[in-house]
Amino acid sequence: MTGDLFENGDPRRLDLPDADIRYWSRVDLGAPVDRVLQELIEHAPWRAEVITVYGQQHQQPRLTAWYGDPGAHYTYSGLALNPLPWTKLLADIRSRVEAVTEASFNSVLMNYYRDHRDSMGMHSDDEPELGSNPAIASLSLGEQRTFVLKHKFNKALKPVNVVLESGSLLLMQGATQHHWKHGINKLTRPCGPRVNLTFRRVLGTLAPSAKGP
Ligand SMILES: O=C(O)CCC(=O)C(=O)O
Ligand SMILES: [Mn+2]
C-alpha cells in the first residue's frame with residue numbers, strides 16, 4: 001500500500017485532486033477469498049475477446065466475463081457485451097459490495113489476469129452508457145497487482161500506484177473518470193492469477209464508443 005496517499009479511517013480515501021476514490025482493504029464475502037477466486041476461475045465462461053482500438057484489432061491480454069440484469073448491454077472497444085444472468089455467488093457478492101459502497105449496480109465485468117503477462121491498458125471508464133459521473137466498485141481476488149492512475153491533463157502530477165490486495169475493494173466515483181486514467185501493467189516477474197470484478201451501473205443502450213482499453 002502506498003501509505004501516504006491515503007487519509008486515515010475506513011474506508012481510506014485517496015488524497016488526489018479531481019478524484020473521489022475510496023479503498024477498503026478487506027470486505028466480507030461470506031466465504032474465504034481463495035475459495036471464491038477458485039470458484040470463479042474454474043466455472044466462469046471466460047472469453048478471450050478480440051477488440052478494436054482506433055481501428056486496429058487486438059486480442060485482449062486477459063480473459064473476461066460479463067454478468068448483469070437483462071438489458072444491461074454494454075459496448076466498449078467495438079465489443080457488444082450481452083450480460084449472462086447473475087449466478088448465486090455473484091448476486092450475493094453484488095449485495096455485499098452495494099452495502100459497503102452505498103451504491104447500486106446492475107452489472108459486473110470480470111477480468112481474469114492469468115499471470116504476470118496479463119494486463120489492462122490505461123483507460124477511463126467513460127463509456128456513454130455509464131452516465132456522466134459513474135460509481136465503479138472494483139473487487140480484487142488473488143495475486144496483488146498494482147493499479148496505476150495517471151491524470152489526463154495535469155502533467156505535473158506523477159503517476160500514482162495503488163497495490164490492490166486480495167479481498168480489497170476500490171470505489172471510483174464523482175468526476176474521477178473525467179480527469180484520471182487507470183490500468184494494470186504487465187510484470188516482469190512471474191506471479192499467480194488474479195480475478196477482478198468491476199461492478200457498474202449501465203443506464204441504457206447507446207451508440208458504441210470507439211475507444212477503450
Ligand atoms: O483489474 C483492475 O483492477 C482494473 C479493471 C478495470 O479497470 C476495468 O475493468 O475497467
Ligand atoms: Mn477501468
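Of the 213 residues of the chain, 35% count as buried; a residue is buried if 20 or more other C-beta atoms, placed from the backbone, lie within 10 Å of its own, exposed if 12 or fewer, and partly exposed in between. This is a predicted model, in which local features need pLDDT of at least 70 and side-chain atom pairs count only at pLDDT 80 or more, while totals for chains, interfaces and linings use all residues. Residues are numbered from 1 along each chain as its sequence is written, with chains lettered from A and ligands numbered from 1 in the order in which they are written.

Let's start with the overall form. The C-alpha trace spans about 40 × 40 × 35 Å along its principal axes. Because a compact globule of 213 residues would have a radius of gyration near 17 Å, the chain's 16 Å agrees with that expectation; the radius is taken over C-alpha atoms, and the globule rule is 2.2 Å times the number of residues to the power 0.38. Among contacts between residues at least 6 apart in sequence, 75% join residues at least 24 apart, a contact being two C-beta atoms, placed from the backbone, within 7 Å.

An open, antiparallel sheet has 4 strands in the order 9-14-11-12, where two strands pair if DSSP finds at least two bridges between them. Its edges are strand 9 (120-123) and strand 12 (160-164), each pairing on one side only. Strand 11 (residues 145-151) is joined to strand 12 by 5 bridges, and Val 148 has Asn 161 as its bridge partner in strand 12.

Now to the ligand. Among the residues around ligand 1 are Leu 109, Asp 125, Phe 147, His 182 and Thr 198; to be near, a residue needs its C-beta atom, placed from the backbone, within 6 Å of the molecule. Strand 8 (107-113), strand 14 (180-184) and strand 15 (194-200) each supply at least two residues of this shell.

Finally, look at His 179, which sits in helix 3 (residues 176-179). His 179 counts as partly exposed because 18 C-beta neighbours lie inside 10 Å. Leaving aside residues up to four places away in sequence, His 179 touches Asp 18, Ala 19, His 151, Lys 152 and Phe 153. Pro 17 is 162 residues from His 179 in sequence, yet their C-alpha atoms are 8.9 Å apart in space.
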